Amino acid sequence: MDRNKIIKMVVILAAIVVIATSFSKYLRRDSMSLAEYARLQGIQETQPPEPSPRLSPEPSPESSPEPSPEPLSSPSAPPAEETSSPTPGSPEDIPQGSTLLTGASLNGNSQLEQRVLLEDGFYYEPLSSQLCRYITGVSYPASEGDEEAEPKITFEELRYVHILHYDFDGNPTEGELICNESIAQDLVEIFHELYRNEYQLEKVLLIDEYDGDDNASMEDNNTSCFNYRTVEGSTNLSRHALGLAIDINPLYNPYITYTENGEENILPASASAYADRSAGFPYKIDENDLCYKLFIQHGFTWGGNWNNVKDYQHFQKSE
């Protein structure tokens, strides 16, 4: 091939390349990349958000511990029971197996076969020989063989009552009473309902803790029942002597008698601030009080309704 033909072919190829390039630019004149568009619009490119870290990373399959094999239980072993935390104020709040109550300690489980249980912590049962010895000569008279001095009630007619109640700090605690057998079921049911409603009683102890001194028990605001004694200022036996009467929060609900001149005699002596029953104060028993309503429902009469004297702490029942 001669030189002129080669030059001519090169020129033609060059021309073709130029024309093709120009044509390509013409076709792409209105197109642009996403990056170019973003720059023209003033938009900054954003990075995809990183995944939030886990609060507690899951272990990788390599690090996952092998599940522990379930222990083989002995055929004689009972299945484990699920336990739940006791609710505030439930009987479980009170330590089991230990008591500071004298009567409960003396009776122990000796009367278990004859115990009448309403619910944990609420029951009544006969008096053990140890408890009988403890109260003899204190709340129960020692007759010393004198037939005329024989008490009008026997140990067999009395019952030991164990309850739970809320004290003045709002804490559940134990309480105990001795009463006539005929009202034992009433008392257990009444005190159970008071407990369910978080009704507060400062103390519920045997009168023997006060050497049988009713005034000392009242001064200490102790709720009590059986005490073989006469009516204050009289030779007549009190209903307490038969275990048929109970005094509730006596310091705030005093016993009031009146002289011929209309002067008040208030017992306990320190309860004068609570003799005015028109005043409002805590622990006052009146006809709107839950304690009053429950005792009346169970057939008791209230000393606050008496005419000649007023015994606001006192509820009693006939046999």
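The legends below describe close-up views of one predicted protein model.

Because the model is predicted, local features need pLDDT of at least 70 and side-chain atom pairs count only at pLDDT 80 or more, while totals for chains, interfaces and linings use all residues. Residues are numbered from 1 along each chain as its sequence is written, and side-chain values use heavy atoms, with hydrogens and water left out.

**Figure 1. The whole chain.** The protein chain has 7 helices and 12 strands. Helices (H or I, at least four residues) and strands (E, at least two) are DSSP runs, numbered from the N terminus. Of its 319 residues, 38% count as buried. Buried means under 20% relative accessible area, exposed means over 50%, and partly exposed lies in between (1.4 Å probe, protein chains only). The chain exposes about 20600 Å², and carbon and sulfur atoms supply 51% of this area. Accessible areas come from the Shrake-Rupley method with a 1.4 Å probe; for residues, only the protein chains shown count as cover. Among contacts (heavy atoms within 4.5 Å) between residues at least 6 apart in sequence, 57% join residues at least 24 apart.

Figure 2. Ile12, Leu13 and Ile16 form a nonpolar patch on the surface, and together they have about 290 Å² of accessible area. Patches are made of residues with over 30% relative accessible area and no salt bridge; like charges are joined within 9 Å, and nonpolar side chains (Val, Leu, Ile, Met, Phe, Trp, Tyr) within 5 Å. Leucine 13 belongs to helix α1 (residues 3-27). Leucine 13 counts as exposed because its relative accessibility is 52%.

Figure 3. Helix α5 (residues 181-196) has 16 residues, which at 1.5 Å a residue should span 22 Å; its end C-alpha atoms are 24 Å apart, which agrees. The expected span is 1.5 Å times one less than the number of residues. Among the buried residues of α5 are Ile183, Leu187, Ile190, Phe191 and Leu194. At the start of α5, a side-chain oxygen of asparagine 180 comes within 2.9 Å of the backbone nitrogen of serine 182. Just after α5, glutamate 198 takes a positive phi of about 55°.

**Figure 4. Asparagine 171 in its loop.** Asparagine 171 sits in the loop between β3 (158-166) and β4 (172-180). With a relative accessible area of 39%, asparagine 171 is partly exposed. Leaving aside residues up to four places away in sequence, asparagine 171 touches His165 and Tyr166. The C-alpha atoms of asparagine 171 and glutamate 198 are 9.2 Å apart, although 27 residues separate the two along the chain.

**Figure 5. A salt bridge between aspartate 186 and lysine 317.** A salt bridge is a side-chain nitrogen of Lys or Arg within 4 Å of a carboxyl oxygen of Asp or Glu. By this rule the count comes to 7 salt bridges. In one of them, aspartate 186 pairs with lysine 317, and the closest N and O atoms are 2.7 Å apart. Aspartate 186 lies in helix α5 and lysine 317 in the segment after β12 (314-316), so the pair ties together parts that are 131 residues apart in sequence. Aspartate 186 is buried, at 11% relative accessibility, and lysine 317 is also buried, at 19%.

Figure 6. The side chains of glutamate 202 and lysine 203 meet in a salt bridge, with an N to O distance of 3.9 Å. Glu202, Lys203 and Asp220 are linked in a network of salt bridges. Glutamate 202 is partly exposed at 28% relative accessibility, as is lysine 203 at 24%. Arginine 229 forms a salt bridge with aspartate 214, with the closest N and O atoms 3.5 Å apart. Arginine 229 lies in the loop between β6 (222-223) and β7 (245-247) and aspartate 214 in helix α6 (residues 214-219), so the pair ties together parts 15 residues apart in sequence. Arginine 229 is buried at 19% relative accessibility, and aspartate 214 is buried at 15%.

**Figure 7. Backbone details in loops.** A cis peptide bond, with omega about -5°, joins leucine 267 and proline 268. Proline 268 is in the loop between β9 (264-267) and α7 (290-297). Tyrosine 283 is found in the loop between β9 and α7, and its phi is near 70°, a positive value in a residue other than glycine. Asparagine 221, in the loop between α6 and β6, has a positive phi near 55°. Asparagine 221 is buried, with a relative accessible area of 1%, whereas tyrosine 283 is partly exposed at 23%.

Key:
Polar contact = N/O pair within 3.5 Å; in protein donor to acceptor, adjacent residues only side chain to side chain.
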